[in-house]
Amino acid sequence: MKKILVGSLIVLVVACFSFVSLNSRQKEAVAPSPSTPLQYIYLTFDDGPLNGSENIDSVILAERLKISVFLVGEHALQTKEMGTYYKMYEQNPFVETYNHSYTHANNKYALFYSNPAGVLADIQKNEALLNLRYKIVRLPGRNIWRIGDRKRDDGTSGGIAADLLAANGYKIYGWDIEWQHHAKDGTPVQSVDEIEKVIEDRLNSGGTFTKDHIVILIHDEMFQKKWEESELKQLIDRLRQHDNYVFEHIRFYPNR
């Protein structure tokens, strides 16, 4: 009698296991595939070190999020404080530093770009001064791209200088959207809500230099508040609510 009961129990267990396995396989077979592609966000900061760089550094260190900063050599040498901000960026494991020229064209862009060899020398000087590891550049005052076999100019001077830089092994990155700021005090023009909406719309419309990749231009002077109060922290918190958004350094932007 015991043998019969044990045998029946084994049969029952095997049957239940088979049913569960079959049911699991059926669920796997009908499970929907992900419909939302990964979309890559490149937060890029220009003109540092400046007042605001220290708060950006604090936000990024606390949030443990990758950003790219394009540095100006003259700013790093301007005061001891600015030199300290540069070192903070250098020591932050989530920050990568790139080249935004030594002089920032002295803000005389047409004159600066009228001498392409001078532009190259300015970029090379900044690279040596700041010990920049990557030949990655954003040209001052110009939204120009030279990556792989792709290029885009913004319709003003600088294209010949960009071609010369590319011929010397530099990659040049522009931007897809800019979080604008007030010239008087550096505060952001668009609210966090507004800039988040622009990012979403541009990614979803495919209106970026590379589909599903968006380069956002921001300036260091915009964030002179402590990180807990910063609009930058608020934007990061909002963007992190999107499961398909990935933050990355500009060095990993697709070449093609």
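Helix 6 and helix 7 lie oblique to each other in this predicted model. Helix 6 covers residues 116-129, and helix 7 covers residues 159-167. Their axes are 8 Å apart and meet at an angle of about 50°. The crossing of helix 6 past helix 7 is right-handed.

Which residues of the two helices meet? Helix 6 brings Pro116, Ala117, Val119, Leu120 and Ile123. Helix 7 answers with Ile160, Ala161, Leu164 and Leu165. The residues of this contact are nine nonpolar, no polar and no charged.

Now move along the chain to Glu196. Glu196 sits in helix 8, residues 192-205. Is Glu196 buried or exposed? Its relative accessible area is 11%, so Glu196 is buried; the cut-off for buried is under 20%. The Glu196 side chain makes a polar contact with the side chain of Arg238, at 3.1 Å. Beyond its neighbours within four places in sequence, Glu196 is in contact with Leu235, Arg238, Leu239 and His242.

Phe223 comes next. Phe223 belongs to the loop between strand 9 (213-219) and helix 9 (231-239). Phe223 has 1% relative accessibility and therefore counts as buried. Leaving out residues up to four places away in sequence, Phe223 touches a list of residues that includes Phe45, Gly52, Asn55, Ile56, Trp179 and Pro188. Ile218, Ser230, Glu231 and Leu232 are also among them. How far apart are the C-alpha atoms of Phe223 and Ser53? They are separated by 7.6 Å, although the two residues are 170 residues apart along the chain.

Notes: Residues numbered from 1 in each chain as written. Predicted model: local features only at pLDDT ≥ 70, side-chain atom pairs only at ≥ 80, totals over all residues. Heavy atoms only, no water. Helix = DSSP H or I, 4+ residues; strand = E, 2+ residues; numbered from the N terminus. Buried < 20%, exposed > 50% of the residue type's maximum accessible area, 1.4 Å probe, protein only. Polar contact = N/O pair within 3.5 Å; in protein donor to acceptor, adjacent residues only side chain to side chain. Contact = heavy atoms within 4.5 Å. Axes fitted to C-alpha atoms, helices over the stretch in contact; angles between N-to-C directions. Parallel < 35°, antiparallel > 145°, perpendicular 65-115°, else oblique. Left-handed = near helix turned anticlockwise from the far one by under 90°. Nonpolar A, V, L, I, M, F, W, Y, C, P; charged D, E, K, R; others polar.
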